[in-house]
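Subject: Handing over the structure

Dear colleague,

My notes on what was found follow after that.

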Amino acid sequence: MLKLLTARFWETVARLILRNKIAILITVILYTIFFSMQWKHMRFTYTEANLLPDEHEVNITYNNFLEIFGEEGNLIVLGVKDSTLFNVEKLNAWNQLSEDFKAFDEVETVVSIKDLQKLVKNNKEEKFDLEPFIKDSITSIEEIDKLQKDLFEKYPFYDNFLFNKETRTIRTAIYLKKDIVNTPVRKDFVIYTLKDKIDAFETKTSLDVRISGMPYIRTLNSQNIVDEISLFIGAALAVTSFIFFLFFRSFRATFISLIVVCIGVMWTFGIIGLLNYEITVLTALIPPLIIVIGIPNCIFLINKYQHEVRLHGNKVKSLQRVITKVGNATLMTNVTTASGFATFILTESQLLKEFGIVASLSILAIFILCLLIIPILYTFLPYPKPRHLEHLNKRWINGFVDWMERMVKHKKITIYVTALVLLIASLLGINKIIISGSLIEDMPKNTEFFNDIRFFESEFNGIMPLEIMVNTKRKKGVMKLATIKRMNRLEEFIDETPELSRPISVVSLVKYAKQAYTNGNPKYYQLPTSQENLFISSYVKKSSTDVDLLKNFVDSTGQYARITTFMKDIGTDKMERIEEDLQHEIDKIFPKERYEVTMTGKALVFQKGTKYLVRNLVISLSLAIFLISIFMAYMFRSARMIVVSLVPNLLPLLVTAGLMGYLGVPIKPSTILVFSIAFGISVDDTIHFLAKYRQELQANHWKIRKSVYAALRETGVSMFYTSIVLFFGFSVFTISSFGGTVALGGLVSATLLFAMLSNLLLLPSLLLSLERSIANKAVLKEPSINIIPEDDNDKTIEEID
């Protein structure tokens, strides 16, 4: 009954499409205009991807920190490592550059060498005064020599903050206003104002200025994502259309396919805008993905049309059969592909949810566009010329099919042994997989800003902020000497950790105050004794509030303090070890009944997010397998067939995971997507093959071998065509400058290639080997959905009416 209803449904769909051509085309155009109007609502991301759900403990801790101390990622640093900087003209120019930035509305404050202050003891008034190292400007080389001696030898308070005394590297700190850090204003300031002024300065002085800091890195990284969208779309269109033309040898067919996928891309951008989502490193992949996935739909539909035209020459009948016969199969395969992406919706990560929603909706949209546009356009076009149909009889394709058939007939043991060896090797490789939670690992390695990151890592031990927040549980508890001493012990431990930079906190100011109290003797840059602290405190209380050089490191109540250090770009394993060591030291130093000490910061949040996503990988992949198994059960009504169909699709995933282990490709946010995407796409071939196999069984009176070989011959060509398009289509992503995107493209391509061979060799071999237990009427029942309709319905649209 359901089979009959399905057949009638597709007959109705075919009639509606072919009888309402103009109305449908106008509707598609209107929807395309509507979606193009939504592009203005697209937003480009101005923050790092938060991979954790909002209610996650790590996010709650980080947000609490932001509430107390404000946005942490507002620092841009400029650096110069050049001995020629220390002359009158260039040093004055460097200081003037820093002064110029203070005039911009986007800047909260600038700290350069000229802004450094000496903390000086005023014995007469028993307070501390601030005296600048440079009063107005440098006038002689002698002043520069004195400045270097003061900075590099007498005032350790500033060491590793604005200079490195070992390498003589100088830097300037530009703090942006916290309320513009995550807005488009930041982008305009960095790309135009900051870069223009630095370029002009470099031209004038011949100094090489290095730029870094989270606002700068995030801006240029986001801009690279935007720039690559058009690159991917152009490359995907070029590659897939070229392969399409090689197969069909028809400019007409190629042009029609390009029209369809271009409209699909426009709809995808419209969906992103309509939902008011951001363009992230993941959603930027969807438009080219739609091209790669849409072209196989075009191949199936156009190939079927040309096959039917060659068979009987009736154009209306051919287009009707395109819709009724291929439409259902294409719907099922697109639904399974969309399901692979849709599983990300069920994760608690907002980033993955948005990716899953847009990708799954776009895949269904491209299916609808293919089904509507291709048959309608062909109604207006003349019959295909003989040369357009030549690809249906290509000898090399027939040779490939003959090779597959020989392998399945005579080399089943070879196929099984090869599969077993691959399985064992893959399981060994999986044990070598590592997890990466680095913020900058996927960033373009060949860019200037990435080289600058490495420069500051080398000179100042990193730029990724790691924050430690100390809650003393009482007002003004931070300035208690006991608290300061505990913080100092923790800072000494941080200073001994090679992957972390020298920490900055109120402890440094207390040490500086003692040095100033002892008339600037650098030997006394240390914590005061209890008695000294009483005298020093009285000096601090009488001093100007400007003396509080580190006011950002204690909250207004004096209850909370922060210790800021910067982390090198290290692997997740090292990061976890450092976190464990720090936590162990914190537990030792700070009694839990008196202090609450938490670690946070962008580097830590990202690392925790990666670990969270790995757990979600298992969930999303399991959901994809479960959902697709439900589809298979509903379509084929055979539990054994589900098991047999999953084997050739899970093996390529294991092979890919093994390759990741052997090649050292880590599990990270970008590569996590590989498995669900590849599984959702590769299972399409299985559905096509098994649907045709079941049909051949009925046509051949349950003769198993004959049915397997017939299904292999008929579906092998289409599976080969689509797999080649998908392979080269996903390979487009390897031209990316982002390491994660390159890995995604390469791994999905490899997985789909393995999946094609697995479905063409392993699947039919399993069917032949298990023929007695699988291929009989009791097990392989009449399907709930007739994916490939029988050939007995030859009515045209006119006859149906």
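The largest cavity has a volume of about 200 Å³, where a cavity is a set of points, on a 1 Å grid over the protein atoms alone, at which a 1.4 Å probe fits but cannot get out, and where grid points are joined across faces, edges and corners and a volume is the space filled by probe spheres set on the points. Please bear in mind that this is a predicted model, in which local features need pLDDT of at least 70 and side-chain atom pairs count only at pLDDT 80 or more, whereas totals for chains, interfaces and linings use all residues. Residues are numbered from 1 along each chain as its sequence is written, and side-chain values use heavy atoms, with hydrogens and water left out.

Cavities and the helices around the largest one

Searching the whole structure gives 7 cavities of 30 Å³ or more. The lining of the largest cavity consists of 19 residues, and those nearest its centre are Pro 296, Ile 681, Asp 684, Thr 722 and Leu 726; a residue counts as lining if it has an atom within 4 Å of a point. At least two lining residues come from each of helix H9 (286-312), H10, helix H21 (669-699), helix H22 (704-731) and helix H23 (739-769), and H21 supplies the largest share, 5 residues. Helices (H or I, at least four residues) and strands (E, at least two) are DSSP runs, numbered from the N terminus.

Helix H10 spans residues 315-342 and contains Gln 320. Gln 320 counts as buried because its relative accessibility is 2%, given that buried means under 20% relative accessible area, exposed over 50%, and partly exposed in between (1.4 Å probe, protein chains only). Although Gln 320 and Pro 375 are 55 residues apart in sequence, their C-alpha atoms are 8.3 Å apart in space.

Lys 353 belongs to helix H11 (residues 350-380) and is partly exposed, with a relative accessible area of 29%. Leaving aside residues up to four places away in sequence, Lys 353 touches Phe 344, Ile 345, Thr 347 and Glu 348, contact meaning heavy atoms within 4.5 Å. Lys 353 is also 12 residues from Phe 341 in sequence, with 9.5 Å between the two C-alpha atoms.

Salt bridges

The whole structure holds 17 salt bridges, a salt bridge being a side-chain nitrogen of Lys or Arg within 4 Å of a carboxyl oxygen of Asp or Glu. One of them joins Lys 102 to Asp 115, with the closest N and O atoms 2.4 Å apart. This pair links distant parts of the chain, 13 residues apart, since Lys 102 sits in the loop between helix H4 (88-101) and strand E3 (107-111), and Asp 115 in the loop between E3 and strand E4 (117-122). Lys 102 is partly exposed, at a relative accessible area of 34%.

Another salt bridge runs between Lys 118 and Asp 150, whose closest N and O atoms are 3.4 Å apart. Lys 118 lies in strand E4 and Asp 150 in helix H5 (residues 141-154), so this pair ties together parts that are 32 residues apart in sequence. Both Lys 118 and Asp 150 are buried.

Asp 208 and Arg 210 meet through their side chains in a salt bridge of 3.3 Å, N to O. Asp 208 is partly exposed at 42% relative accessible area, and Arg 210 is partly exposed at 22%. Elsewhere, salt bridges that share partners join Lys 118, Lys 146, Asp 150 and Lys 154 into one network.

Strands

Strand E4 runs antiparallel to strand E5 (residues 127-132), and 6 bridges join them; two strands pair if DSSP finds at least two bridges between them. Lys 118 stands opposite Glu 131 in E5. E4 and E5 make a hairpin with 4 residues between them, and Glu 126 in the turn has a positive phi of about 50°.

There is also an open sheet of 3 strands, in the order E11-E10-E12, with antiparallel pairing. Its edge strands, each pairing on one side only, are strand E11 (560-567) and strand E12 (596-600). Strand E10 (residues 464-471) is joined to E11 by 8 bridges, and Val 470 stands opposite Ala 561 in E11.

With best regards

Key:
On a 1 Å grid over the protein atoms alone, a cavity is a set of points where a 1.4 Å probe fits but cannot get out, and a pocket is an open set with protein on both sides within 12 Å along at least five of seven lines; lining residues have an atom within 4 Å of a point.
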